[in-house]
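Here is my note on the model, point by point. Please keep the structure open as you read.

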Amino acid sequence: MTFNTIPCSESFRADKIWSESCQPPPPPVAPETGSETERRKDEGNGSLSTHTTTVAAAVESEKRHLRRKAEEAEDADEKRSGSVGGDGGTFGAGSNYGNRGGTVRSELQCQHEGGTCEFFLLCWMSGGLLQGTCGGMLKGCCHRTAKSANIGIDASTAIDLTNVPALEYGPVQNDPSCGISLAKQTAQRRIVGGDDAGFGSFPWQAYIRIGSSRCGGSLISRRHVVTAGHCVARATPRQVHVTLGDYVINSAVEPLPAYTFGVRTINVHPYFKFTPQADRFDVAVLTLERTVHFMPHIAPICLPEKNEDFLGKFGWAAGWGALNPGSRLRPKTLQAVDVPVLDNRVCERWHRSNGINVVIYPEMLCAGYRGGGKDSCQGDSGGPLMHEKTGRWYLIGIVSAGYSCATRGQPGIYHRVANTVDWISHITQIST
C-alpha cells in the first residue's frame, strides 16, 4: 500500500509531518482593479499565498445567508417547542439536529460531527466548509480537510470513540538503562527560534522516513521505537526506515556513526482515529528488524507510570522540524525546546480566545506558553516530549498536532503517553 505524503497546502490545521514532495508556491498574482488582496497562511506547509477576492461582497452575502438560516431555524424551533434556551444563541432540546445543511446546532454537536464552532468569516477565509450555524449568530460549524483525506484514510470506517472502555494491559516495564543522557546537557535547547540540542543529549531520538515524508520517534527498548500514529497508519513496514544515533542529518563528521534499521511490524493503537482536529490516540509502536546495541549516543528513554500527571512540569520537545512557523527550511542539526505542560481546559480556553474550538481529550496534552514563541513545528511529528526527574528522562508526550507553530494562545498538542503507556509496554513484550 502506497503512503501518500501530506500536501503542502492543507488549510489552517498544521500537521507536523514534513513531506519532501512540497514545492515552492507560484509567484504572487497582482490584485485586479476594484478588488482587495487577501493574504492567507496555509498551515500545511506554512507558505504565504496571495489571491484576489471581492471580500466585501462575499462577506455580506455569507452574513445574510447565515442570518436567514438562523431566523428560519429559530422560527421552526419556536413553533415546535414555544421556547428557546441555551447559551450564546444555541437552541435548546427542541432544535433540529437531523441534517448538516443549514441546521442550528450546539458547539458539542458540531464537535461530534467532526467540525469546530467558530466565526464564519474565519472558516471561510481559511478554506473551510460551513455546515450550519452554532454558538451564536456569526458562528458556524466549520469542517476542514482532515489528515485522513490527505493520506488515504477513510474516516467513515474509523471506530466510534464515544464512551470507549478503558483498556488495561498490565504493568509498565522499562529497560534498566533507560533515560540516561551521557551528555547531561540541560540548557539552551529550542526548536522554533533554534539552538542545537548537543550531540548525545537525547540518545533515544529517532529519525523516521516514511516514503518521502519524515517524522520523529523515541527508542524505548532494544527492538522498539514509539512514534505518532498518523505518521505510519497507512504505511507498510518496508516503507519505514528508522535511523538512531543521528545528530546532524547526513553528516560524516560526527563523533559516532548513526545506524539505520528496517521495520518488521507496525502497531497502531486500537483506538487511533484521524479527525479534523488533533487525532485521537495518536501513538504507534514500531518493531525493528534487528536488535539495537546501546552506545553512548544510542539508548532508550523511560516510560512513565500509568496515568502519571505532569501538569505544570517542564518538558523538552526535540526534532528536526521547522525552525520558524511557515518555513520550508529544515535544520540539519537536532533542535529542542522547553515548554510547560498545561491543563487541558486552559489549553481549550486559549484556543477559543483565538476563535478555535478544539477539544483536548484525556489522551492528549498541551504544552507551551500563552504568548507563544516556543513550540514544536512541521517535521517534528512523532518526536518526544520529555521530562527529567531523579536523573532520568521520561517520555511524557508525542508530538501530534497544532494550529500553526509558536503562535500566541495556540500551544502544541501532544499525545499523552501516560494514558496509553501500558499498551505501549505490552506491545514491546509481545512483538519481538
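1. Start with the salt bridge between Lys 306 and Asp 422. Their side chains meet at 3.1 Å, N to O. Lys 306 lies in the loop between strand 14 (284-288) and strand 15, and Asp 422 lies in helix 7 (residues 417-430), so the pair ties together parts that are 116 residues apart in sequence. Keep in mind that this is a predicted model.

2. Lys 306 has a relative accessible area of 28%, so Lys 306 is partly exposed. Asp 422 counts as buried because its relative accessibility is 2%. The cut-off for buried is under 20%.

3. Next comes the pair Glu 308 and Lys 389. Their closest N and O atoms are 2.4 Å apart, and they form a salt bridge. This pair, too, links distant parts of the chain. Glu 308 sits in the loop between strand 14 and strand 15, while Lys 389 sits in strand 18, 81 residues apart.

4. Is Glu 308 buried or exposed? Glu 308 is buried, with a relative accessible area of 19%. That value deserves a second look, because buried means under 20%. Lys 389 is partly exposed, at 27%.

5. A salt bridge can also sit inside one helix. Glu 348 and Arg 345 form such a bridge, with the closest N and O atoms 2.9 Å apart. Both residues lie in helix 6 (residues 344-353). They are three residues apart, about one turn of the helix. Glu 348 is buried at 10% relative accessibility, whereas Arg 345 is partly exposed at 41%. How many salt bridges does a search of the whole structure find? The search finds five.

6. Turn to the aromatic rings. The structure holds seven aromatic pairs. One of them joins Phe 202 and Trp 204. The ring centres are 6.3 Å apart, and the planes make an angle of 50 degrees, so the pair counts as tilted: stacked needs under 30 degrees and edge-to-face over 60. Phe 202 is buried, with a relative accessible area of 5%. Trp 204 is buried as well, at 0%.

7. Phe 314 and Tyr 369 form another tilted pair, with 6.5 Å between centres and 50 degrees between planes. Phe 314 lies in strand 15, and Tyr 369 lies in the loop between strand 17 (364-367) and strand 18 (384-389), so this pair ties together parts 55 residues apart in sequence. Phe 314 is partly exposed at 41% relative accessibility. Tyr 369 is partly exposed too, with a relative accessible area of 25%.

8. Go back to Phe 202 and Trp 204 for a moment. Which aromatic cluster includes Phe 202 and Trp 204? Together with Trp 393, they form one aromatic cluster.

9. The charged end of Arg 222 sits over the ring of Phe 294, 4.0 Å from the ring centre. Arg 290 lies over the face of Phe 261, at 4.1 Å from the ring centre.

10. Check the surface next. Phe 119, Met 137 and Leu 138 make a nonpolar surface patch of about 280 Å². Where is Leu 138 found? Leu 138 is in the loop between strand 7 (129-134) and strand 8 (139-143). Leu 138 has a relative accessibility of 36%, so Leu 138 counts as partly exposed.

11. Leu 323 lies between strand 15 (314-319) and strand 16 (335-342). Its relative accessibility is 27%, so Leu 323 counts as partly exposed. Leu 323 and Ser 376 are 53 residues apart in sequence, yet 8.6 Å apart in space, C-alpha to C-alpha.

12. Last, step back to the whole chain. Its secondary structure comes to seven helices and 20 strands. The chain has 432 residues, and 55% of them count as buried. Among contacts with a separation of 6 or more, 69% come from residues 24 or more positions apart. The chain exposes about 18000 Å², and carbon and sulfur atoms supply 52% of that area.

Key: Residues are numbered from 1 along each chain as its sequence is written. This is a predicted model: local features need pLDDT of at least 70, side-chain atom pairs count only at pLDDT 80 or more; totals for chains, interfaces and linings use all residues. Side-chain values use heavy atoms; hydrogens and water are left out. Helices (H or I, at least four residues) and strands (E, at least two) are DSSP runs, numbered from the N terminus. Buried means under 20% relative accessible area, exposed over 50%, partly exposed in between (1.4 Å probe, protein chains only). Rings of Phe, Tyr and Trp (its six-membered ring) pair if their centres lie within 6.5 Å; planes under 30 degrees apart count as stacked, over 60 as edge-to-face and the rest as tilted. A charge sits over a ring if NZ of Lys or CZ of Arg is within 6 Å of the ring centre and within 35 degrees of the ring normal. Patches are made of residues with over 30% relative accessible area and no salt bridge: like charges are joined within 9 Å, nonpolar side chains (Val, Leu, Ile, Met, Phe, Trp, Tyr) within 5 Å. Accessible areas come from the Shrake-Rupley method with a 1.4 Å probe; for residues, only the protein chains shown count as cover. A salt bridge is a side-chain nitrogen of Lys or Arg within 4 Å of a carboxyl oxygen of Asp or Glu. Contact means heavy atoms within 4.5 Å.
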